[in-house]
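The sequence and the structure come first, and the description follows.

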Amino acid sequence: MKNDSSIAGLYSLDQTTQRLCPFFSSGISAGFPSPAEDHIDQKLDLNELLIRNPAATFFVRVAGESMIGCGIHHGDILVVDRSLQAAHGRIVVAILHGELTVKRLMCRADSWCLEAANPAYPAVVITEENGCEVWGVVTSVIHQFPGVL
Amino acid sequence: MKHVFALVDCNNFYVSCERLFRPALNGQPVLVLSNNDGCVIARSNEAKALGIPMGEPWFRVQAFARRHHVHVFSSNYALYGDLSARVMETLARLEPAMEIYSIDEAFLSLAGLDVEARRDYAAAIRARVRQYVGIPVSIGIGSTKTLAKIAGNIAKKQACHDGVFELTDTAQIDSILEKTEVGDVWGIGRRSAETLRRRGITRALALKQADETWVRKLLTVTGARVVKELNGVSCLSLDKAPPARKSIVTSRTFGQAVTALADLREAVITYVSRAAVKLREQGLETNALHLFLTSGDSALSRFSRGRVVLLAPATSSTPRLIAAAMELLPSLYQSGCRYQKAGVMFTGLVPRGYRQQSLFAPVVAENRALMGALDTINRKWGQETIQYGMTTMEKSWAMRQSHRSQAYTTNWHELPVVKAN
């Protein structure tokens with residue numbers, strides 16, 4: 001039997017969930033069950049894993065390669081939560097010159113700025129004048145290998 | 001306990017939805033067009049400032065819009081319905097005592113809080129919806145729903161209030177009602193307003209001070225209710241009924257799987273007609289029609305798809321509802337699928353007569369007499385004695401939507417794109 005340490009676990013996917021992403025009409029409980037809690041083993045649902053606040057969660061698609069260093073590739077889908085606090089070091093979707101972009105939010109000295117994962121791209125400082133603002137916080141990236149599904 | 005209602009009203013809702021994924025549109029003149037790109041049903045403040053009237057047919061505005069670089073969109077019901085659901089979900093989590101009134105309005109109960117607490121709470125609600133869903137809202141507060149609506153209008157139109165306005169101080173109420181046209185009062189439709197004006201009542205204050213019995217004779221119990229509400233007597237409680245009453249559903253599992261579009265059409269027309277009867281029986285009109293189809297042969301492969309179309313103004317007219325359902329059906333249907341079930345749901349139910357005051361489209365003559373006759377005959381002789389034919393529906397298949405934006409939140413192929421370059 002192969003000993004492949006890169007696979008952490010195998011899960012069977014629940015394919016009978018009828019919710020049409022990302023339309024959610026009821027709350028989804030957050031977090032992973034702790035061993036101390038009384039819980040019933042249930043079918044695993046990606047919605048539960050990836051989405052804490054359905055009303056504030058959106059999916060977006062990435063165009064470009066400037067965030068490869070963070071593991072975000074062109075064509076990937078990002079799960080973006082608008083209800084989360086934008087904090088230092090977090091990857092965010094931000095409005096830059098009227099467009100939606102994906103950057104890492106950094107606090108440098110006294111100002112906030114948006115950086116790409118690639119040092120070749122200049123950081124942009126967020127100011128009142130340049131109309132930069134955070135649109136939402138990226139919680140996960142979905143990378144699908146091409147040609148399979 | 002004293003009632004206090006808050007009306008949460010999204011600002012230029014359709015425009016705001018389009019702006020969420022296109023921030024470059026903020027501050028720009030934007031228009032949204034009705035079904036078939038017929039007429040203007042939403043305008044940004046900048047488009048209003050250019051003088052483009054609500055309800056104006058698109059062909060008349062087209063050249064002007066081009067000259068002034070106005071951004072134009074065809075209605076994107078999938079997007080608006082989804083964002084509306086998110087707004088409502090966010091409100092419901094904050095305040096369980098809430099009632100969805102329409103696609104972009106909800107009433108909340110603020111009873112038990114003092115004036116300052118109400119203002120803070122309303123400000124918090126505004127901020128929460130803005131952050132979570134990206135939609136700006138205005139909030140009007142009053143001791144009755146009717147007064148809350150008037151307050152909401154002020155909150156929306158006058159920037160100095162920061163989006164929240166409370167109308168509970170008696171002296172202030174009268175001075176504002178004096179400035180409010182009687183036709184702008186919720187519950188007073190165009191005809192009632194005309195009737196009142198002919199009798200010298202042109203402002204809301206005069207209506208508030210009118211004799212209730214006299215108003216009842218003139219405008220029926222609905223009019224009398226408005227008078228009471230203007231006087232601070234709440235007649236319309238928050239509808240805390242269980243979800244079932246907030247919608248009317250007719251659906252059926254087919255005896256045999258259905259694969260042909262023509263057969264589905266027939267079934268859907270039948271369900272729409274039946275659901276419309278229920279609507280009329282309850283004296284209601286609907287703001288949104290949801291159509292859903294379930295396909296698949298076994299529990300493992302069962303798959304449901306649904307879409308919603310918004311109806312403005314609200315309606316209970318069978319032909320209009322059928323036309324709306326027929327517009328949705330082709331986009332849900334996939335040839336080769338074996339359909340097990342179809343269903344129709346009406347949401348955003350409002351009592352007949354309580355329409356939104358803003359004119360979305362040239363008034364469609366809702367033939368109440370025809371509907372009444374239809375219902376009477378079917379009641380006497382059996383459900384489907386008179387049915388709507390299909391021939392007139394054919395041409396509504398291909399809906400013109402040349403300016404529709406992407407279904408950003410309901411279609412994997414139309415997700416918003418963020419740049420990483």
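This is a predicted model: local features need pLDDT of at least 70, side-chain atom pairs count only at pLDDT 80 or more; totals for chains, interfaces and linings use all residues.

**The five-stranded sheet of chain B**

The strands named above belong to an open sheet of five, with the order β5-β6-β1-β7-β8 (chain B) and mixed pairing. At its edges are β5 (98-102) and β8 of chain B, each of which pairs on one side only. From one strand to the next, the twist averages 20°.

Strand β5(B) is joined by four bridges to β6 (residues 105-109) of chain B, and the two run antiparallel. Within this pair, B:S102 stands opposite B:E105 in β6(B). Strand β7 (residues 137-142) of chain B pairs with β8(B) in the parallel sense, again over four bridges. Here B:I141 is opposite B:E166 in β8(B).

Which residues of strand β8 (residues 164-167) of chain B point one way, and which the other? B:V164 and B:E166 point one way, B:F165 and B:L167 point the other way, and all are buried.

The loop between β7 and α6 (145-157) of chain B holds B:S143. The relative accessible area of B:S143 is 11%, so this residue counts as buried, the cut-off being under 20%. Apart from residues up to four places away in sequence, B:S143 touches B:K2, B:H3, B:V4, B:F5, B:L167, B:T168, B:G232 and B:S234.

**The three-stranded sheet of chain B**

Another open sheet has three strands in the order β3-β2-β4 (chain B), with mixed pairing. Strands β3 (40-43) and β4 (71-74) of chain B each have a single partner strand, so one side of each is left without a neighbour in the sheet. The twist averages 25° from one strand to the next. Strand β2 (residues 30-33) of chain B pairs with β3(B) in the antiparallel sense over three bridges, and the bridge partner of B:V32 in β3(B) is B:A42.

**The two chains in figures**

Chain B has 13 helices and 13 strands, whereas chain A has one helix and seven strands. From the N terminus on, the elements of chain A run α-β-β-β-β-β-β-β.

| Chain | Residues | Buried residues |
|---|---|---|
| Chain A | 149 residues | 34% |
| Chain B | 421 residues | 51% |

Among contacts with a separation of 6 or more, residues 24 or more positions apart account for 52% in chain A and for 68% in chain B. The accessible surface is about 9,500 Å² for chain A, with 54% supplied by carbon and sulfur atoms. For chain B it comes to about 19,200 Å², of which 52% belongs to carbon and sulfur atoms.

**Nonpolar cores**

The largest nonpolar core has 93 residues, and A:V102, B:L91, B:L289 and B:F346 touch the most other members. Helix α11 (residues 261-281) of chain B gives the most to this core, with nine residues. A second, separate core of 25 residues includes B:I176, B:A210, B:L219 and B:L230.

Beyond its neighbours within four places in sequence, A:V102 has contacts that include A:V62, A:M67, A:I72 and A:L78. Its contacts in chain B are B:V418, B:K419 and B:A420.

**A strand residue of chain A**

A:V124 lies in strand β6 (residues 124-125) of chain A. A:V124 and A:L114 are 10 residues apart in sequence, and their C-alpha atoms are 5.2 Å apart in space. Not counting residues up to four places away in sequence, A:V124 touches A:L96, A:W112, A:C113, A:L114, A:N130 and A:C132.

**Confidence**

The model scores ipTM 0.74 and pTM 0.70. Chain B averages a pLDDT of 83, and 85% of its residues score at least 70. Over residues 240-245 of chain B, pLDDT stays under 50, and the model has four contacts beyond four places in sequence for them. Over residues 390-398 of chain B, pLDDT also stays under 50, with 13 such contacts.

Key
Residues are numbered from 1 along each chain as its sequence is written. Chains are lettered from A and ligands numbered from 1 in the order in which they are written. Side-chain values use heavy atoms; hydrogens and water are left out. Buried means under 20% relative accessible area, exposed over 50%, partly exposed in between (1.4 Å probe, protein chains only). Contact means heavy atoms within 4.5 Å. Accessible areas come from the Shrake-Rupley method with a 1.4 Å probe; for residues, only the protein chains shown count as cover. Two strands pair if DSSP finds at least two bridges between them. Axes are lines fitted to C-alpha atoms, for helices over the stretch in contact, and angles run from 0 to 180 degrees between N-to-C directions. pLDDT is the predictor's confidence in each residue, from 0 to 100. A nonpolar core is a set of buried Ala, Val, Leu, Ile, Met, Phe, Trp, Tyr and Cys residues joined through side-chain atoms within 4.5 Å.
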